[in-house]
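This briefing is meant to be read with the sequence and the model side by side. Please keep both in view while going through the points below.

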Amino acid sequence: MRKLILLMAGFFLISNASAQTIQMALIEGGNYTPLYGVGEQSETSVGDFYLDKLPVTYADFQEFVRKHPKWQKSNVTKLFADSRYLSNWENDLKAPANLMDKPITMVSWFAAKAYCECQGKRLPTVDEWEYAAMASTSKRDARSDSLYNVSILRSYEQPKTYMKTVGNSESNYWGVQDMHGMVWEWTQDFNSIILTGESRNNGNTDAGLFCAAGAIGAKDMMNYAAFMRFAMRSSLKANFSLTTLGFRCAKDAGPQNQLTFK
Amino acid sequence: MNYKNIRPIKGYFYPLLFILALAFTACTQSQSRNTGAKSYTKDYSKTKVFGEMVAELTAPPHVPPPVGNRPAMKLYMEMEITEEEMEMADGVSYLFWTFGGTVPGSFIRARVGDEVEFKIKNHPDNKLPHNIDLHAVTGQGGGAEASFVAPGHEKTFSFKLINPGLYVYHCATAPVGMHIANGMYGLILVEPEGGLPPVDKEFYVMQGDFYTEGRFGEPGLQPFDMQKAYDERPDYVVFNGSVNGLSGENALQAKAGETIRIFFGNGGPNLASSFHVIGEIFDKVYVDGGDQINSNVGTTLVPAGGAAILEFKADVPSNLVLVDHSIFRAFNKGALGILSVTGEENEKIFAGEIMEGIYLPEGSTIQKMPKDGNVVSPPVTMTKSELIDTGKKIYMQACFACHQANGEGVANAFPPLANADYLNADVNRSIDVLLHGLSGEITVNGKKYNSIMPSQQLKDEEVAAVLTYVYNSWGNNGSEVTPEMVNKRRKK
């Protein structure tokens with residue numbers, strides 16, 4: 001299989017973009033019901049898109065900062081990353097050797113966004129991320145499967161899962177791995193939920209995820225795992241670099257993007 | 001006090017009754033004034049602060065020193081949020097989320113009028129954002145919004161305490177129920193001007209209900225069970241975060257004659273507590289932690305998210321038992337704690353047992369044994385044949401399932417008792433097996449068995465009876481085992 005891929009890659013002499021597509025899974029779009037933020041409608045539609053099969057690793061990110069010195073930890077613009085940004089690295093160019101195959105964390109939203117853009121990709125939206133993450137190994141939407149929900153919730157409870165090696169868990173329906181039970185992941189519009197969620201509540205723009213107010217407007221009260229993800233996202237600012245927060249990239253699957261030559 | 005006066009006038013002198021009723025109301029009013037009703041009439045939002053200090057926060061069951069008569073001050077306090085595995089019961093652990101590394105969280109003590117600058121720190125290894133809603137705080141979410149903090153970050157917010165009382169604080173991040181169910185709650189005490197009256201000992205006790213995948217006592221790390229939490233079916237109801245939170249080496253200690261104050265809170269998330277101390281009466285209960293004081297109370301109800309201040313004098317030495325008097329929680333789910341009071345006996349208050357006699361109700365001098373009772377209660381002294389008869393019944397209840405009706409056992413699993421060399425060789429060893437159980441390889445009649453027999457929860461007489469039955473059946477050597485022999489082995 002790998003040979004075939006190499007052959008194809010060589011044959012078409014295609015750019016990074018298509019080689020990356022192999023590392024990505026095509027997610028067929030559809031309608032889904034998000035936990036928050038679609039007003040009176042209950043469903044929102046998600047178009048076709050590609051999503052990285054794996055979270056970005058330390059090795060990937062080390063390559064990135066070597067090519068782009070402005071994202072090295074001593075060079076990064078302070079506005080774009082807080083003081084924890086890559087703070088566990090040995091130096092500007094060298095990530096801790098034992099973490100190479102672990103998901104990169106302690107990166108800000110700005111850095112994650114820049115990484116994806118340099119690959120000709122982008123961060124997934126919250127809707128895209130949630131849509132892809134509701135798939136179990138066999139179903140596109142496993143949210144009604146209580147066992148699946150329990151397993152996600154349980155994986156969220158485990159401490160220090162950011163020390164796990166990427167790619168060891170089972171692929172989901174789309175062929176994507178490690179969406180749950182490893183690290184939280186940055187999304188393009190992570191901070192948009194509170195605003196849309198609260199704009200319905202008589203124009204009250206206070207954060208809606210506190211106490212009982214968090215349940216106002218939520219569509220699925222029993223989806224505790226989703227509550228945890230939305231609470232997590234709403235606690236973030238774009239310069240935060242957390243030990244438990246990484247990312248993966250996405251790409252449109254429109255015809256204009258499918259065979260782009262560099 | 002007025003009952004004697006009321007009786008003769010009942011039905012006759014309504015005007016007088018009315019006046020009496022008025023007098024009664026006036027009386028209760030003045031009483032409540034004595035207990036601090038004036039405090040809520042005063043506006044503490046304008047109280048000036050004098051000086052500043054770093055407030056000491058304490059882990060349960062300890063509380064920081066009283067405020068005494070100090071003026072209102074500016075207080076600085078810090079609290080770290082952790083997510084860590086700790087003990088729930090012997091051999092059972094749970095991933096608790098904590099304020100300050102303990103369940104319940106650190107005790108906060110302040111004075112009405114204090115201005116507090118509160119720093120909340122979310123440990124970088126934590127997976128989740130958290131915040132704090134202090135019921136003592138007037139303002140958006142009790143501080144929940146202002147304190148909402150991502151892992152690896154800290155937030156500082158400030159507030160003025162304008163109502164005295166004992167209040168719960170808790171985490172209010174979605175999913176709120178889960179954050180509370182994992183132990184994120186504690187107490188904040190706002191003392192009135194001049195402080196609470198001094199006492200000898202103060203303790204901090206908080207109840208919480210927990211929902212685990214495994215049933216009560218199932219060993220290992222137990223994950224949170226969302227469905228049980230939703231159904232309000234806790235496996236654990238405990239004081240101070242674990243079944244052993246207030247017993248064994250964690251038991252509270254006091255001396256006879258000391259006055260004791262318990263700051264009692266209920267974190268929930270679901271259950272209200274019927275709090276009671278077995279062997280004591282609360283001299284005073286600050287109902288709901290507020291100004292109203294009730295006297296001479298046995299059991300007081302503390303709602304989830306509520307608190308009460310309880311005061312009593314430990315009059316005599318004893319082990320006082322703290323329970324949730326919704327009593328199955330105490331004996332089957334862990335809501336049980338000990339306050340050990342040591343010191344001199346006071347026979348005027350409690351004389352202990354002064355006499356034991358035989359109770360013979362009239363007309364029932366002939367005692368009848370229950371015919372088909374499930375419980376076999378042997379007479380105190382038994383002849384060999386009585387032992388055998390009793391022993392047969394016990395055998396059919398406790399032993400038959402494995403060793404079979406005629407002591408033949410089950411091949412390769414449960415050794416035979418019929419004509420068994422291992423059994424006949426040593427009576428004392430047989431007694432030990434019943435008392436303490438047996439595991440590991442043994443050889444019986446030339447065949448090897450490697451299995452586990454649990455120890456049997458039987459009285460001395462019952463052990464004696466069942467062994468005598470076995471020794472006198474199926475070709476065994478006819479030994480007689482007496483309760484005394486069993487008792488001797490038990491004491492070894």
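**Backbone, sheets and contacts**

Gln404(B) is found in the loop between α7 (400-403) and α8 (421-425) of chain B, where helices (H or I, at least four residues) and strands (E, at least two) are DSSP runs numbered from the N terminus. This is a predicted model, in which local features need pLDDT of at least 70 and side-chain atom pairs count only at pLDDT 80 or more, while totals for chains, interfaces and linings use all residues. Residues are numbered from 1 along each chain as its sequence is written, and chains are lettered from A and ligands numbered from 1 in the order in which they are written.

**Backbone details in loops**

- Although Gln404(B) is not a glycine, its phi is positive, at about 70°, and the residue is partly exposed, with 15 other C-beta atoms within 10 Å (buried means 20 or more other C-beta atoms within 10 Å of a residue's own, exposed 12 or fewer, and partly exposed in between, with C-beta atoms placed from the backbone).
- Asn445(B), in the loop between β22 (438-444) and β23 (447-453) of chain B, likewise has a positive phi, near 50°, and is partly exposed, with 13 other C-beta atoms within 10 Å.
- The peptide bond from Pro60(B) to Pro61(B) is cis, with omega near 5°, and Pro61(B) belongs to the loop between β1 (52-54) and β2 (74-89) of chain B.
- Ala174(B) and Pro175(B) are also joined by a cis peptide bond, with omega about -10°, and Pro175(B) sits in the loop between β8 (165-170) and α3 (176-181) of chain B.

**Strands and sheets of chain B**

- Chain B has 11 helices and 23 strands, and buried residues make up 41% of its 492 residues.
- An open sheet of mixed pairing is formed by five strands of chain B in the order β13-β21-β20-β15-β18, where two strands pair if DSSP finds at least two bridges between them.
- Because β13 (252-255) and β18 (299-302) of chain B stand at the edges with a single partner strand each, one side of each is left without a neighbour in the sheet.
- Within this sheet of chain B, β15 (273-278) and β20 (318-324) run antiparallel and are joined by four bridges, and Ile278(B) has Val321(B) as its bridge partner in β20(B).
- Strand β12 (236-239) of chain B is covered on both faces, with Tyr236(B) and Val238(B) buried on one side and Val237(B) and Phe239(B) buried on the other.
- β12(B) pairs in the antiparallel sense with β10 (201-210) of chain B over four bridges, and Phe239(B) in β12(B) stands opposite Gln207(B).

**Helix packing and an annotated span**

- Helices α6 (384-398) and α10 (460-471) of chain B pack at an angle of about 95°, with their axes 6 Å apart; axes are lines fitted to C-alpha atoms, for helices over the stretch in contact, and angles run from 0 to 180 degrees between N-to-C directions.
- α6(B) and α10(B) are therefore roughly perpendicular to each other, since angles under 35 degrees count as roughly parallel, over 145 as roughly antiparallel, 65 to 115 as roughly perpendicular and the rest as oblique.
- UniProt, in an unreviewed entry, lists residues 386-474 of chain B as "domain: Cytochrome c", and this span is 49% helix and 16% strand, with its end C-alpha atoms 18 Å apart.

Methods. UniProt positions renumbered as here; feature names shortened; annotations may be inferred.
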